[in-house]
Amino acid sequence: MLIYSSLTTILLLAVFSKTWALTETERLEGYYARNYTWPPKFLPDNPGWVKLMTQRLEQTINPAVVAPNFTELGFGMTRAPEPLMEDLRNAIRDGLKNGDARLEGKIDVIDGPQEPLFIDRPDLTQRVLRELHPYVEAWAGTELTPFTAYGLRLYQNQSALWMHVDKVQTHVVSFILHIDKSDDAEDWPIFIEDFEGNTHEVSLTSGDMVFYESSKCNHGRPRRLNGSWYSSIFVHYYPKHGWAEVDHKMENHYAIPPNWNTPVKPEDKKYTPLTMEGTSFREKECPDDWCLTQNTIKWSGPGEEGVWLDPKFRKHPLEFKTRSVMVE
Ligand SMILES: *[C@@H]1O[C@H](CO)[C@@H](O)[C@H](O)[C@H]1NC(C)=O
Ligand SMILES: *[C@@H]1O[C@H](CO)[C@@H](O)[C@H](O)[C@H]1NC(C)=O
Ligand SMILES: *[C@@H]1O[C@H](CO)[C@@H](O)[C@H](O)[C@H]1NC(C)=O
Ligand SMILES: *[C@@H]1O[C@H](CO)[C@@H](O)[C@H](O)[C@H]1NC(C)=O
(Lines give C-alpha, C1' and ligand atoms only; values in the text may rest on other atoms or scores of the structure.)
(Ligands and ions follow the chains in the order given, each with its own letter.)
Protein backbone atom coordinates (compact mmCIF):
# COMPACT_ATOMS: atom_id res chain seq x y z
CA MET A 1 0.00 0.00 0.00
CA LEU A 2 1.35 3.34 -1.02
CA ILE A 3 0.97 5.84 1.77
CA TYR A 4 1.39 9.42 0.73
CA SER A 5 1.75 11.96 3.45
CA SER A 6 0.89 15.54 2.68
CA LEU A 7 4.60 16.15 2.62
CA THR A 8 5.42 13.61 -0.06
CA THR A 9 2.65 15.01 -2.18
CA ILE A 10 3.80 18.58 -1.78
CA LEU A 11 7.30 17.50 -2.61
CA LEU A 12 6.05 15.78 -5.76
CA LEU A 13 4.07 18.87 -6.69
CA ALA A 14 7.20 20.89 -6.17
CA VAL A 15 9.32 18.63 -8.31
CA PHE A 16 6.83 18.36 -11.16
CA SER A 17 5.48 21.87 -11.06
CA LYS A 18 6.85 23.92 -13.93
CA THR A 19 6.17 27.13 -12.03
CA TRP A 20 8.32 26.03 -9.10
CA ALA A 21 11.17 28.49 -9.48
CA LEU A 22 11.29 29.78 -5.90
CA THR A 23 13.97 28.93 -3.41
CA GLU A 24 12.60 27.78 -0.05
CA THR A 25 13.82 31.04 1.50
CA GLU A 26 11.89 33.14 -1.03
CA ARG A 27 8.81 30.99 -0.56
CA LEU A 28 8.92 31.45 3.22
CA GLU A 29 9.29 35.20 2.77
CA GLY A 30 6.02 34.97 0.81
CA TYR A 31 4.44 32.85 3.55
CA TYR A 32 5.25 35.40 6.26
CA ALA A 33 4.44 38.43 4.09
CA ARG A 34 0.93 37.00 3.60
CA ASN A 35 0.49 36.33 7.35
CA TYR A 36 -0.42 32.72 6.61
CA THR A 37 -1.00 30.34 9.48
CA TRP A 38 -1.15 26.57 9.51
CA PRO A 39 -3.62 25.10 8.97
CA PRO A 40 -4.64 27.96 6.67
CA LYS A 41 -7.78 30.01 7.03
CA PHE A 42 -10.09 27.99 4.81
CA LEU A 43 -12.44 29.74 2.43
CA PRO A 44 -15.35 29.46 2.97
CA ASP A 45 -15.10 28.82 6.72
CA ASN A 46 -18.25 26.70 7.24
CA PRO A 47 -17.57 24.12 10.01
CA GLY A 48 -18.28 21.08 7.77
CA TRP A 49 -16.04 22.37 5.00
CA VAL A 50 -13.23 23.22 7.44
CA LYS A 51 -13.46 19.69 8.87
CA LEU A 52 -13.30 18.12 5.39
CA MET A 53 -10.43 20.33 4.24
CA THR A 54 -8.50 19.64 7.46
CA GLN A 55 -8.79 15.93 6.71
CA ARG A 56 -7.76 16.53 3.09
CA LEU A 57 -4.72 18.51 4.17
CA GLU A 58 -3.52 15.70 6.33
CA GLN A 59 -4.06 13.19 3.53
CA THR A 60 -2.65 15.40 0.80
CA ILE A 61 -2.95 19.00 -0.34
CA ASN A 62 -5.99 20.40 -2.06
CA PRO A 63 -4.75 22.97 -4.59
CA ALA A 64 -7.52 25.47 -3.94
CA VAL A 65 -8.02 25.65 -0.18
CA VAL A 66 -7.03 29.30 0.01
CA ALA A 67 -8.69 30.50 -3.21
CA PRO A 68 -11.97 32.42 -2.78
CA ASN A 69 -15.36 30.81 -3.44
CA PHE A 70 -18.04 32.36 -5.64
CA THR A 71 -21.18 30.56 -4.52
CA GLU A 72 -22.64 29.58 -1.18
CA LEU A 73 -22.36 25.80 -1.46
CA GLY A 74 -20.17 25.09 -4.48
CA PHE A 75 -22.51 23.48 -6.97
CA GLY A 76 -26.00 23.39 -8.47
CA MET A 77 -28.07 21.83 -11.22
CA THR A 78 -30.31 23.02 -14.04
CA ARG A 79 -31.33 21.91 -17.53
CA ALA A 80 -29.92 22.90 -20.90
CA PRO A 81 -32.30 23.99 -23.68
CA GLU A 82 -33.80 21.08 -25.60
CA PRO A 83 -32.89 22.20 -29.18
CA LEU A 84 -29.20 22.23 -28.21
CA MET A 85 -29.56 18.82 -26.55
CA GLU A 86 -31.20 17.35 -29.64
CA ASP A 87 -28.23 18.40 -31.79
CA LEU A 88 -25.77 17.00 -29.25
CA ARG A 89 -27.58 13.66 -28.98
CA ASN A 90 -27.73 13.37 -32.78
CA ALA A 91 -24.02 14.15 -33.01
CA ILE A 92 -23.29 11.14 -30.81
CA ARG A 93 -25.64 8.73 -32.52
CA ASP A 94 -24.40 9.86 -35.98
CA GLY A 95 -20.76 9.84 -34.89
CA LEU A 96 -21.05 6.27 -33.60
CA LYS A 97 -22.95 5.11 -36.70
CA ASN A 98 -20.47 6.73 -39.11
CA GLY A 99 -17.39 5.44 -37.29
CA ASP A 100 -16.24 8.96 -36.35
CA ALA A 101 -15.59 8.00 -32.72
CA ARG A 102 -11.88 7.59 -32.04
CA LEU A 103 -10.07 6.34 -28.96
CA GLU A 104 -9.09 9.32 -26.85
CA GLY A 105 -5.85 7.88 -25.42
CA LYS A 106 -4.76 7.20 -21.88
CA ILE A 107 -5.79 9.85 -19.33
CA ASP A 108 -4.30 9.67 -15.85
CA VAL A 109 -7.46 10.34 -13.84
CA ILE A 110 -9.57 7.86 -15.84
CA ASP A 111 -9.27 4.14 -15.21
CA GLY A 112 -10.85 1.23 -17.05
CA PRO A 113 -10.28 -1.64 -19.44
CA GLN A 114 -10.98 0.61 -22.46
CA GLU A 115 -9.95 4.20 -23.16
CA PRO A 116 -12.73 6.75 -23.60
CA LEU A 117 -14.04 7.45 -27.09
CA PHE A 118 -14.02 10.95 -28.53
CA ILE A 119 -16.26 12.47 -31.17
CA ASP A 120 -14.74 15.72 -32.36
CA ARG A 121 -17.41 18.36 -32.94
CA PRO A 122 -15.79 21.77 -32.36
CA ASP A 123 -18.86 23.44 -33.89
CA LEU A 124 -20.99 22.02 -31.08
CA THR A 125 -18.53 22.48 -28.23
CA GLN A 126 -18.16 26.16 -29.20
CA ARG A 127 -21.92 26.47 -29.35
CA VAL A 128 -22.23 25.03 -25.83
CA LEU A 129 -19.55 27.41 -24.52
CA ARG A 130 -21.38 30.39 -26.04
CA GLU A 131 -25.03 29.44 -25.62
CA LEU A 132 -24.74 28.34 -21.99
CA HIS A 133 -22.40 31.16 -20.92
CA PRO A 134 -25.32 33.23 -19.50
CA TYR A 135 -26.50 30.17 -17.55
CA VAL A 136 -23.20 29.69 -15.76
CA GLU A 137 -22.81 33.44 -15.12
CA ALA A 138 -26.33 33.52 -13.66
CA TRP A 139 -25.41 30.67 -11.33
CA ALA A 140 -22.01 32.05 -10.29
CA GLY A 141 -23.28 35.61 -9.96
CA THR A 142 -20.16 36.98 -11.58
CA GLU A 143 -18.90 37.70 -15.08
CA LEU A 144 -16.81 34.90 -16.53
CA THR A 145 -14.28 34.42 -19.28
CA PRO A 146 -14.75 31.20 -21.29
CA PHE A 147 -11.71 28.97 -21.18
CA THR A 148 -12.59 25.70 -22.85
CA ALA A 149 -15.36 23.26 -23.73
CA TYR A 150 -14.15 19.73 -23.97
CA GLY A 151 -15.96 16.85 -25.65
CA LEU A 152 -17.74 14.95 -26.82
CA ARG A 153 -16.24 12.29 -24.58
CA LEU A 154 -17.78 8.82 -24.30
CA TYR A 155 -16.60 6.81 -21.30
CA GLN A 156 -16.71 3.08 -21.94
CA ASN A 157 -17.84 0.14 -19.83
CA GLN A 158 -16.23 -0.22 -16.37
CA SER A 159 -14.62 3.22 -16.47
CA ALA A 160 -13.95 5.13 -13.27
CA LEU A 161 -13.01 8.79 -12.97
CA TRP A 162 -11.04 9.23 -9.75
CA MET A 163 -11.89 12.06 -7.38
CA HIS A 164 -10.00 15.25 -8.17
CA VAL A 165 -10.09 19.03 -8.33
CA ASP A 166 -9.36 20.98 -11.49
CA LYS A 167 -6.68 23.50 -12.36
CA VAL A 168 -7.04 26.51 -10.09
CA GLN A 169 -6.06 29.14 -12.66
CA THR A 170 -8.48 28.35 -15.47
CA HIS A 171 -11.04 25.74 -14.36
CA VAL A 172 -12.73 27.83 -11.70
CA VAL A 173 -16.43 27.93 -12.51
CA SER A 174 -17.42 24.99 -14.65
CA PHE A 175 -20.26 22.77 -15.71
CA ILE A 176 -20.75 19.21 -16.84
CA LEU A 177 -23.48 18.69 -19.39
CA HIS A 178 -24.68 15.11 -19.61
CA ILE A 179 -25.56 14.38 -23.22
CA ASP A 180 -26.63 10.76 -23.39
CA LYS A 181 -25.83 7.17 -22.48
CA SER A 182 -26.21 3.84 -24.23
CA ASP A 183 -29.55 2.08 -23.79
CA ASP A 184 -27.83 -0.65 -21.76
CA ALA A 185 -26.07 1.76 -19.37
CA GLU A 186 -27.05 2.16 -15.74
CA ASP A 187 -26.95 5.52 -13.93
CA TRP A 188 -23.40 6.67 -13.39
CA PRO A 189 -23.54 9.16 -10.53
CA ILE A 190 -21.13 11.99 -10.11
CA PHE A 191 -19.84 12.37 -6.55
CA ILE A 192 -19.19 15.93 -5.46
CA GLU A 193 -18.41 17.65 -2.16
CA ASP A 194 -20.24 20.83 -1.14
CA PHE A 195 -18.97 23.72 0.98
CA GLU A 196 -20.54 22.30 4.11
CA GLY A 197 -18.47 19.13 3.72
CA ASN A 198 -21.30 16.86 2.49
CA THR A 199 -20.75 14.39 -0.33
CA HIS A 200 -23.51 14.28 -2.93
CA GLU A 201 -24.26 11.47 -5.34
CA VAL A 202 -25.97 12.98 -8.36
CA SER A 203 -27.50 10.88 -11.13
CA LEU A 204 -28.09 12.87 -14.27
CA THR A 205 -30.69 12.73 -17.03
CA SER A 206 -29.72 13.68 -20.56
CA GLY A 207 -29.76 17.49 -20.68
CA ASP A 208 -28.93 18.01 -17.00
CA MET A 209 -26.22 20.55 -16.33
CA VAL A 210 -24.20 20.49 -13.11
CA PHE A 211 -22.52 23.80 -12.25
CA TYR A 212 -19.61 23.55 -9.87
CA GLU A 213 -16.59 25.39 -8.54
CA SER A 214 -14.36 22.78 -10.04
CA SER A 215 -11.01 23.79 -8.56
CA LYS A 216 -12.43 23.78 -5.01
CA CYS A 217 -15.05 21.01 -4.94
CA ASN A 218 -13.56 17.56 -5.16
CA HIS A 219 -15.53 15.54 -7.73
CA GLY A 220 -15.36 12.33 -9.73
CA ARG A 221 -17.08 9.12 -10.72
CA PRO A 222 -15.12 6.58 -8.69
CA ARG A 223 -17.89 3.95 -8.92
CA ARG A 224 -17.48 2.09 -12.21
CA LEU A 225 -19.78 2.59 -15.17
CA ASN A 226 -21.86 -0.45 -16.07
CA GLY A 227 -22.90 -0.14 -19.72
CA SER A 228 -21.51 0.46 -23.21
CA TRP A 229 -21.02 4.22 -23.04
CA TYR A 230 -21.86 7.43 -21.17
CA SER A 231 -21.25 10.84 -22.67
CA SER A 232 -20.70 14.33 -21.32
CA ILE A 233 -19.15 17.63 -22.25
CA PHE A 234 -16.94 19.59 -19.81
CA VAL A 235 -16.95 23.35 -19.87
CA HIS A 236 -14.67 25.69 -17.95
CA TYR A 237 -14.63 29.41 -17.22
CA TYR A 238 -12.70 31.71 -14.90
CA PRO A 239 -13.76 35.03 -13.35
CA LYS A 240 -13.44 37.92 -15.75
CA HIS A 241 -12.19 40.41 -13.18
CA GLY A 242 -9.19 40.13 -10.91
CA TRP A 243 -8.48 36.45 -11.44
CA ALA A 244 -5.95 36.12 -14.26
CA GLU A 245 -3.78 38.80 -12.61
CA VAL A 246 -3.02 36.50 -9.66
CA ASP A 247 -0.87 33.38 -9.90
CA HIS A 248 -3.16 31.11 -7.89
CA LYS A 249 -0.87 28.14 -8.06
CA MET A 250 1.93 30.17 -6.49
CA GLU A 251 -0.49 31.42 -3.84
CA ASN A 252 -1.03 27.81 -2.79
CA HIS A 253 2.70 27.23 -2.58
CA TYR A 254 3.03 30.27 -0.32
CA ALA A 255 0.35 28.90 2.01
CA ILE A 256 2.51 25.92 3.01
CA PRO A 257 4.28 26.53 6.34
CA PRO A 258 7.90 25.96 7.29
CA ASN A 259 8.60 22.40 8.52
CA TRP A 260 6.33 20.98 5.81
CA ASN A 261 8.98 18.33 5.24
CA THR A 262 8.78 16.91 8.77
CA PRO A 263 7.22 13.46 8.25
CA VAL A 264 3.90 12.68 9.96
CA LYS A 265 4.44 9.72 12.27
CA PRO A 266 2.36 6.68 11.29
CA GLU A 267 0.61 6.73 14.71
CA ASP A 268 -0.42 10.37 14.13
CA LYS A 269 -2.18 9.59 10.85
CA LYS A 270 -5.91 9.82 11.52
CA TYR A 271 -7.37 9.15 8.08
CA THR A 272 -7.54 6.45 5.45
CA PRO A 273 -4.41 6.47 3.31
CA LEU A 274 -4.85 8.34 0.09
CA THR A 275 -3.21 7.16 -3.10
CA MET A 276 -2.46 9.57 -5.91
CA GLU A 277 -3.28 8.54 -9.48
CA GLY A 278 -1.72 11.28 -11.53
CA THR A 279 -3.44 14.33 -10.11
CA SER A 280 -6.39 12.44 -8.63
CA PHE A 281 -7.14 10.62 -5.39
CA ARG A 282 -8.13 7.12 -4.38
CA GLU A 283 -8.84 5.59 -1.00
CA LYS A 284 -8.23 2.00 -1.92
CA GLU A 285 -9.36 0.64 1.45
CA CYS A 286 -13.00 1.64 0.74
CA PRO A 287 -15.64 0.42 -1.72
CA ASP A 288 -15.57 2.43 -4.98
CA ASP A 289 -12.07 3.61 -3.96
CA TRP A 290 -13.61 6.49 -2.02
CA CYS A 291 -14.81 6.21 1.58
CA LEU A 292 -17.41 8.96 1.44
CA THR A 293 -19.37 7.18 -1.34
CA GLN A 294 -20.78 5.23 1.62
CA ASN A 295 -22.38 8.32 3.12
CA THR A 296 -23.94 10.54 0.48
CA ILE A 297 -26.90 12.77 -0.20
CA LYS A 298 -28.53 11.13 -3.24
CA TRP A 299 -30.36 13.00 -5.90
CA SER A 300 -31.20 12.67 -9.53
CA GLY A 301 -32.40 14.61 -12.54
CA PRO A 302 -34.14 15.76 -14.54
CA GLY A 303 -33.44 19.33 -13.51
CA GLU A 304 -35.88 22.07 -14.35
CA GLU A 305 -35.48 24.70 -17.05
CA GLY A 306 -35.25 28.29 -15.79
CA VAL A 307 -34.33 27.41 -12.20
CA TRP A 308 -31.30 25.93 -10.54
CA LEU A 309 -31.35 23.57 -7.61
CA ASP A 310 -28.78 24.01 -4.86
CA PRO A 311 -27.29 21.20 -2.72
CA LYS A 312 -30.08 21.73 -0.17
CA PHE A 313 -32.68 21.21 -2.92
CA ARG A 314 -33.74 24.84 -2.81
CA LYS A 315 -34.85 26.31 -6.14
CA HIS A 316 -33.42 29.59 -7.43
CA PRO A 317 -34.56 31.39 -10.56
CA LEU A 318 -31.86 31.40 -13.23
CA GLU A 319 -31.66 35.13 -13.90
CA PHE A 320 -29.77 35.92 -17.07
CA LYS A 321 -27.87 39.18 -16.81
CA THR A 322 -26.05 38.73 -20.09
CA ARG A 323 -26.99 37.51 -23.52
CA SER A 324 -25.07 34.73 -25.23
CA VAL A 325 -21.67 36.21 -25.88
CA MET A 326 -19.30 35.54 -28.70
CA VAL A 327 -16.25 33.53 -27.76
CA GLU A 328 -13.15 35.68 -28.03
C1 LIG B 1 0.24 41.12 8.05
O2 LIG B 1 0.23 41.58 9.38
C3 LIG B 1 0.93 42.83 9.55
C4 LIG B 1 1.03 43.14 11.04
O5 LIG B 1 -0.23 42.95 11.65
C6 LIG B 1 0.21 43.91 8.75
O7 LIG B 1 0.87 45.14 8.85
C8 LIG B 1 0.16 43.50 7.27
O9 LIG B 1 -0.60 44.44 6.51
C10 LIG B 1 -0.45 42.09 7.12
N11 LIG B 1 -0.31 41.67 5.72
C12 LIG B 1 -1.30 41.11 5.03
C13 LIG B 1 -1.00 40.72 3.60
O14 LIG B 1 -2.39 40.90 5.51
C1 LIG C 1 -18.61 31.60 0.07
O2 LIG C 1 -19.17 30.66 0.96
C3 LIG C 1 -19.75 31.20 2.13
C4 LIG C 1 -20.17 30.08 3.03
O5 LIG C 1 -20.87 29.05 2.35
C6 LIG C 1 -20.91 32.11 1.79
O7 LIG C 1 -21.46 32.69 2.94
C8 LIG C 1 -20.39 33.20 0.85
O9 LIG C 1 -21.47 34.01 0.44
C10 LIG C 1 -19.71 32.57 -0.37
N11 LIG C 1 -19.14 33.60 -1.21
C12 LIG C 1 -19.77 34.07 -2.29
C13 LIG C 1 -19.07 35.14 -3.05
O14 LIG C 1 -20.85 33.61 -2.66
C1 LIG D 1 -23.98 -4.77 -15.13
O2 LIG D 1 -25.03 -4.87 -16.06
C3 LIG D 1 -25.30 -6.21 -16.43
C4 LIG D 1 -26.36 -6.15 -17.49
O5 LIG D 1 -25.91 -5.42 -18.61
C6 LIG D 1 -25.75 -7.00 -15.23
O7 LIG D 1 -25.93 -8.33 -15.59
C8 LIG D 1 -24.69 -6.91 -14.13
O9 LIG D 1 -25.18 -7.53 -12.96
C10 LIG D 1 -24.36 -5.49 -13.82
N11 LIG D 1 -23.23 -5.43 -12.92
C12 LIG D 1 -23.24 -4.73 -11.79
C13 LIG D 1 -22.00 -4.77 -10.98
O14 LIG D 1 -24.21 -4.08 -11.44
C1 LIG E 1 -19.78 -4.26 -18.66
O2 LIG E 1 -18.88 -4.98 -17.87
C3 LIG E 1 -19.51 -5.80 -16.88
C4 LIG E 1 -18.42 -6.39 -16.00
O5 LIG E 1 -17.45 -7.00 -16.78
C6 LIG E 1 -20.37 -6.85 -17.57
O7 LIG E 1 -21.06 -7.59 -16.60
C8 LIG E 1 -21.37 -6.14 -18.48
O9 LIG E 1 -22.07 -7.11 -19.22
C10 LIG E 1 -20.66 -5.20 -19.44
N11 LIG E 1 -21.66 -4.45 -20.17
C12 LIG E 1 -21.58 -4.24 -21.48
C13 LIG E 1 -22.69 -3.48 -22.10
O14 LIG E 1 -20.64 -4.61 -22.16
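These questions and answers go through a few local features of a predicted model.

Me: Is strand β1 largely enclosed or exposed, and how many of its residues are buried?
Reply: In a regular strand the side chains alternate between the two faces of the sheet. On one side of β1 are Phe75, Met77 and Arg79, and on the other are Gly76 and Thr78; both sets are buried. The strand is therefore largely enclosed by the rest of the structure, and the count of buried residues is 5 of the 5.

Me: Which strand is joined to β1, and how many bridges join them?
Reply: The partner of β1 covers residues 208-212, and the two run antiparallel. One of the facing pairs is arginine 79 with aspartate 208. The partner is β10, and the number of bridges is 5.

Me: Where is proline 302, and what is omega for the bond that joins it to glycine 301?
Reply: Proline 302 is in the loop between β15 (297-300) and β16 (307-309). The peptide bond between glycine 301 and proline 302 is cis, and its omega is about 5 degrees.

Me: Aspartate 288 is not a glycine; what is its phi, and is it buried or partly exposed?
Reply: Aspartate 288 lies in the loop between β14 (280-282) and β15. Its phi is positive, at about 60 degrees. Buried means under 20% relative accessible area. Aspartate 288 has 22% relative accessibility, so it counts as partly exposed.

Me: What is the phi of phenylalanine 313, and what is its relative accessible area?
Reply: Phenylalanine 313 is in the loop between β16 and β17 (315-317). Although phenylalanine 313 is not a glycine, its phi is positive, at about 65 degrees. Exposed means over 50%. Phenylalanine 313 is therefore partly exposed, and its relative accessible area is 41%.

Me: Which residues of helix α5 are buried, and which elements do they pack against?
Reply: An α-helix has 3.6 residues a turn, so residues three or four places apart point the same way. In α5 (residues 122-131) the buried residues are Leu124, Thr125, Arg127, Val128 and Leu129. The elements that they pack against are α4 (82-97), α6 (133-140), β5, β7 (173-181) and β12 (229-239).

Note on methods: Residues numbered from 1 in each chain as written. Chains lettered and ligands numbered in written order. Predicted model: local features only at pLDDT ≥ 70, side-chain atom pairs only at ≥ 80, totals over all residues. Heavy atoms only, no water. Buried < 20%, exposed > 50% of the residue type's maximum accessible area, 1.4 Å probe, protein only. Helix = DSSP H or I, 4+ residues; strand = E, 2+ residues; numbered from the N terminus. Pairing = 2+ DSSP bridges. Contact = heavy atoms within 4.5 Å.
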